[in-house]
Amino acid sequence: MKFAHYMMILLALALCACTQEESIPALGPVWVDSYVEPHYTTADVSIMCDIPNGMENYLEYYLCYSNVGMNNPREQKMTFSNGICSCKLTGLEAGTDYDCQFKIVGFNSDAIQEVRAFQTYPFEWADVRTDQIISYSHNNAIVSISLHYWGTDIVPEWGVCYGTHPTVEYEDNRIEYSGTTAYNTPNTCTINVPNLEDGVTYYVRAYAKNGWGVSYGQELSFTTISLYAIPTVETIDVSSVSANAAICYGKVVEDGSFAVENRGFCFDVTENPTIQNTIAESSVVGVGNFSCVLQGLKSKTTYYVRAYATNAKGTAYGNQITFTTK
């Protein structure tokens, strides 16, 4: 009985000896050298590590970083290859100081190295230029622009803004360039500005919008070609003036490439009457001579009269004639 008890004790000791693992020493300083390449909102980090042979595949590597102290930092898992741990930090704030620590999670302890610091680049104005207005017609224009510097590591929105008033801005009409943009090398493109009105002066300039704001190139201007115009009309004469009526004569010389929709005479007791005053409308439209009878006039009153003609482009007025009723 004693022999059996003795053998059981020996067996238990042997089992303990076989299952006990050799203790892995705590990791010491392993941060040999580091390299941080900051950008505007990202940073590339490389750390040379002195890891004991055979342990590198059983450890996890992290970079802890923060811009508000290291009490509660963010962590980015790193990859290990050929003695170097590396990672890319994203979502950083531009122009900001950061602290970082290298952290290794081991079997029996975590190794946290000393704090290092880096600073991201601040955002800057993009360098965008309005190169030239290559061509324009009655309803469109081709504009050449170029982007020379992003001012950030995120490709900016860039294109042209345009309008009928000087100093056009991003909030006005704009067309964004939709092609590929190379980083911080001159990018040149042409943009078609469509749906313009003929015979109108437009202002245009390049723009680029990044995290810092909107920058502009030089402002250029052009006037689209006038294919269409308001009619040309003349006031010829006034005759047969009585106490309350008169006959007026006029002529539509040109229709402005649009059909003349209305023509006649406008008259009033003040100068330069318009179709907002009293009118006498001709029953015949188009180009050529016409006449109308002005009725409902007051006796012994001076009147001012002008011929008018209207097409799809607008209303034109002839010269002014004055007469006095009897």
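Asp127 counts as partly exposed, because its relative accessibility is 28% and this class lies between buried (under 20% relative accessible area) and exposed (over 50%), taken with a 1.4 Å probe and protein chains only. The model is predicted, so local features need pLDDT of at least 70 and side-chain atom pairs count only at pLDDT 80 or more, whereas totals for chains, interfaces and linings use all residues. Residues are numbered from 1 along each chain as its sequence is written, and side-chain values use heavy atoms, with hydrogens and water left out.

Asp127 is paired with Arg129 in a salt bridge, with 2.9 Å between the closest N and O atoms. A salt bridge is a side-chain nitrogen of Lys or Arg within 4 Å of a carboxyl oxygen of Asp or Glu. Side chains of opposite charge can pair when their charged atoms come close. Arg129 is also partly exposed, at 39% relative accessibility. The structure holds seven salt bridges. Another of them joins the side chains of Arg174 and Glu157, at 3.7 Å from N to O. This pair links distant parts of the chain, 17 residues apart: Arg174 is in strand S13 (residues 173-176) and Glu157 in strand S12 (residues 157-163). Strands (E, at least two residues) and helices (H or I, at least four) are DSSP runs, numbered from the N terminus. Arg174 has a relative accessible area of 38% and is therefore partly exposed.

A salt bridge is also formed by Lys313 and Asp198, whose closest N and O atoms are 3.1 Å apart. Lys313 lies in the loop between strands S23 (302-311) and S24 (314-324), and Asp198 in the loop between strands S14 (187-193) and S15 (201-209), so the pair ties together parts that are 115 residues apart in sequence. Lys313 is partly exposed at 33% relative accessible area, whereas Asp198 is buried at 12%.

Ser146 belongs to strand S11 (residues 141-149). Ser146 counts as buried because its relative accessibility is 2%. Its side chain makes a polar contact of 2.9 Å with the side chain of His148. A polar contact is a pair of N or O atoms within 3.5 Å; within protein, one must be able to donate a hydrogen and the other to accept it, and residues adjacent in sequence count only if both atoms are side-chain atoms. Apart from neighbours within four places in sequence, the residues in contact with Ser146 (heavy atoms within 4.5 Å) include Asp127, Arg129 and Trp158.

No disulfides, defined as pairs of cysteine sulfur atoms within 2.5 Å, are found in a search of the whole structure. The cysteine sulfur closest to that of Cys49 is in Cys85, at 3.6 Å, which is too far for a bond. Cys49 is buried, with a relative accessible area of 11%, and Cys161 is buried at 0%.

The chain contains one helix and 24 strands. Of its 326 residues, 39% count as buried. Among contacts between residues at least 6 apart in sequence, 64% join residues at least 24 apart. The accessible surface of the chain, from the Shrake-Rupley method with a 1.4 Å probe, where for residues only the protein chains shown count as cover, comes to about 18300 Å². Carbon and sulfur atoms account for 50% of this surface.
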